[in-house]
Amino acid sequence: MTDSSLPAARTLQALKAATPLLWTRPDSAEASSEDAWTLEHAKEAAARFERFAPLLETLFPELVPSRGRIESPLLRAGAMQAALHWPPGMGELWIKADHDLSVAGSIKARGGIHEVLEFAESLALREGVLRPGQDYRVLAEPPARACFARHQVAVGSTGNLGLAIGVIASALGFRASVHMSADAKEWKKARLRARGVTVVEHAGDYEKAVAAGRALLRDDPNGYFVDDERSPSLFLGYAAAALHLRDQLRDAGIVVDASHPLFVYLPCGVGGAPGGIAFGLKEIFGPDVHCFFAEPTQSPCFLVRMMSDAGQLPDAPDSPSVYDVGLDNLTEADGLAVPRASELAAAVMATRLDGVYTVADDRMFADLARLHDSEGLRIEPSAAAGFSGPGQLFASAAGQAYLQSRKLAPFMSHATHLAWTTGGRFVPPEEFDRFLSRGKSSAADN
């Protein structure tokens with residue numbers, strides 16, 4: 001599949017012009033040392049969530065109906081499919097509704113909460129406030145909370161990961177601080193402060209907020225920094241989602257095999273969340289699942305990295321950013337406003353990711369409005385990036401070349417297309433009304 005994308009020169013031209021495009025991975029990509037990870041690592045993360053479920057149910061009343069489990073529904077989206085004007089023969093559209101995850105209200109609840117739980121578990125066992133096999137609800141009692149209060153948990157974020165980390169850390173009794181970039185939404189900062197979380201604002205972008213937080217925690221013996229760019233714990237917390245999705249697909253009667261392909265469209269910022277999920281899905285379904293990352297046209301950090309690794313970005317540095325190709329990293333999809341891809345996620349995805357496509361902000365807003373009007377769902381702009389993926393696959397030369405090279409064309413009427421919505425549960429009504437107004441205007445223009 002060495003020539004299934006647009007010719008490299010045309011792809012680079014579209015990338016630099018911030019024109020929506022689809023790029024597919026050449027088969028020549030080499031495996032990395034991270035290929036030592038297996039599905040067992042994701043299962044370990046899932047088991048940790050299970051151990052903590054009774055405690056989470058105690059800490060968060062909204063988790064009582066799910067008995068402490070933080071999960072999202074799998075939704076058939078026939079009305080949205082019609083709103084997108086799909087022609088016959090494309091298969092069916094479904095939604096993995098992580099925009100509605102409890103506690104944090106975004107996909108970041110998966111990796112972010114998992115890492116804080118792993119740190120809390122390790123610390124509690126080491127300090128003797130938790131014994132192996134003990135009911136984890138003991139961690140809500142005074143000795144454990146006094147232990148946690150001596151430690152600070154910090155993270156750098158554009159918003160949603162900060163919400164996840166701040167909420168769970170403060171609920172457990174840790175001192176929590178979130179270093180936020182200039183593009184983080186004010187309502188997210190206010191929500192964190194209401195939870196007693198210290199919010200540290202930085203004038204620069206996401207990368208600068210992460211670097212600042214990392215530097216401040218480096219010399220704190222009681223400090224723990226959740227590093228979105230480098231963390232295996234975050235990555236595997238996301239990977240655990242694939243196990244639950246496998247069960248949901250089975251319960252919905254959805255077959256995934258060579259003649260019933262599954263296509264998954266994942267909004268991408270630094271790459272940890274979509275990378276972890278794609279890793280888990282590839283471990284479960286192998287070549288029968290096709291994973292595509294969706295990025296804003298001005299912030300396609302993972303696309304830049306994948307193209308560079310494929311030798312398609314002349315004179316690119318070893319770890320290129322969107323600034324290196326003349327883009328400004330400015331987008332209303334704040335959760336995706338990241339200039340440089342995670343080294344960890346890029347290494348794991350080198351031989352697993354099937355492709356990356358870019359989306360203009362106006363298209364994300366238009367799809368946000370279409371989803372609201374067709375399915376009654378409320379999401380934030382970055383969460384809408386997945387819905388243009390099937391159209392890119394079917395309407396572009398790169399997409400058609402991909403389907404032909406994988407011999408998928410005869411089976412597309414039996415395909416399942418899964419758009420992963422990533423955030424929006426806690427967006428204030430007035431903010432969503434602004435999103436909706438812009439989205440309706442954008443939809444009318446397209």
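Just after helix α7, G196 adopts a positive phi of about 85°. Helices (H or I, at least four residues) and strands (E, at least two) are DSSP runs, numbered from the N terminus. The model is predicted: local features need pLDDT of at least 70, side-chain atom pairs count only at pLDDT 80 or more, and totals for chains, interfaces and linings use all residues. Residues are numbered from 1 along each chain as its sequence is written, and side-chain values use heavy atoms, with hydrogens and water left out.

Helix α7 itself spans residues 186-194, and W187, K188, K189 and L192 are buried in this helix. Buried means under 20% relative accessible area, exposed over 50%, and partly exposed in between (1.4 Å probe, protein chains only). The buried residues of α7 pack against α6 (160-172), β5, β6 (198-201) and α17 (429-445). Contact is defined by heavy atoms within 4.5 Å.

Helix α17 also holds S442. S442 is buried, with a relative accessible area of 5%. Apart from neighbours within four places in sequence, S442 contacts D362, F365 and A366.

Helix α8 covers residues 206-217. At 1.5 Å a residue, its 12 residues should span 16 Å; the end C-alpha atoms are 17 Å apart, which agrees. The expected span is 1.5 Å times one less than the number of residues in the helix. Y206, A209, V210, G213, R214 and L217 are the buried residues of α8. They cover an arc of only 130° around the axis, and therefore lie on the same side of α8. The arc is that of the directions from the helix axis to the C-beta atoms. An α-helix has 3.6 residues a turn, so residues three or four places apart point the same way. On the other side of α8, K208 and L216 are exposed. The cover over the buried residues of α8 includes β4 (152-157), β5 (175-180) and β7 (223-226).

The domain assignment divides the protein into domain 1 (4-38 + 65-104 + 233-445) and domain 2 (107-229). These bounds come from an automatic or database domain assignment. The C-alpha centres of domain 1 and domain 2 are 27 Å apart. Domain 1 gives 37 residues to the contact, and domain 2 gives 29 residues. Between them, domain 1 and domain 2 bury about 2800 Å², 56% of it on carbon and sulfur atoms. Buried area is the accessible area (1.4 Å probe) that two parts lose on being put together, summed over both.

An unreviewed UniProt entry annotates residues 72-390 as "domain: Tryptophan synthase beta chain-like PALP". UniProt positions are given in the numbering used here, feature names are shortened, and annotations may be inferred rather than shown by experiment. The span 72-390 is 42% helix and 15% strand, and its end C-alpha atoms lie 22 Å apart.

K108 is listed by UniProt (unreviewed entry) under "modified residue: N6-(pyridoxal phosphate)lysine". K108 is found in helix α4 (residues 108-127). The residue K108 is buried, at a relative accessible area of 15%. Leaving aside neighbours within four places in sequence, K108 touches I113, N160, L161, A164, D228, Y238 and A273.

K43 counts as partly exposed, at 36% relative accessibility. K43 and A239 are 196 residues apart along the chain, and their C-alpha atoms are separated by 8.6 Å.
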